[in-house]
Amino acid sequence: MKCPYCHETENRVIDSRLSKDNNMIRRRRECGRCNRRFTTYERVEEMMPLVVKKDGRRESYDRLKIINGLRRACHLLGHTGPPRVIRRSRLLFPARPS
Ligand SMILES: [Zn+2]
């Protein structure tokens, strides 16, 4: 991690604590060259899939967009009521993390 003041990469962690929601670690660091202090945050990389659009763009997975797309497709095909594909999938009621 580069020092934001002098761009040195050597530093040491002088304090490390978990955020209130336990989703992030805050680290207080001290630069090995200029001795100034700065803060970094560490969090788990989200593993959500990306959706590839027709034109090649990629956008974040959005559960509601999938559900609405399925509903629209079912409506166009003449199905009524909650589409079975939605009821049977875990789109509306995703599994709880174990
Ligand atoms: Zn520095």
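I took strands as DSSP runs of E, at least two residues long, numbered from the N terminus. The model I was reading is predicted.

**Entry 1: positive phi.** I looked up Asn22 and placed it in the loop between S1 and strand S2 (24-31). Its phi is near 65°, a positive value in a residue other than glycine. I noted that most residues other than glycine have a negative phi.

I went on to His7, in the segment before strand S1 (11-18). His7 is also not a glycine, and its phi is positive, near 70°. I found 10 other C-beta atoms within 10 Å of His7, so this residue is exposed.

**Entry 2: the sheet.** I traced an open sheet of 3 strands in the order S1-S2-S3, with antiparallel pairing. S1 and strand S3 (37-43) are the edge strands, each pairing on one side only. From one strand to the next, the twist averages 25°. I looked up the link between S2 and S3 and found 7 bridges, with the two strands running antiparallel. For Glu30, I recorded Arg37 in S3 as the bridge partner.

Entry 3: I checked the length of helix H1 (residues 63-76). At 1.5 Å a residue its 14 residues should span 20 Å, and the end C-alpha atoms are 20 Å apart, so the two values agree. How many of the 14 residues of H1 are buried? The count is 0, and I wrote H1 down as hardly covered. Just after H1, I noted Gly78 with a positive phi of about 90°.

Key. Residues numbered from 1 in each chain as written. Predicted model: local features only at pLDDT ≥ 70, side-chain atom pairs only at ≥ 80, totals over all residues. Helix = DSSP H or I, 4+ residues; strand = E, 2+ residues; numbered from the N terminus. Expected span 1.5 Å × (residues − 1). Buried ≥ 20, exposed ≤ 12 C-beta atoms within 10 Å, placed from the backbone. Pairing = 2+ DSSP bridges. Axes fitted to C-alpha atoms, helices over the stretch in contact; angles between N-to-C directions.
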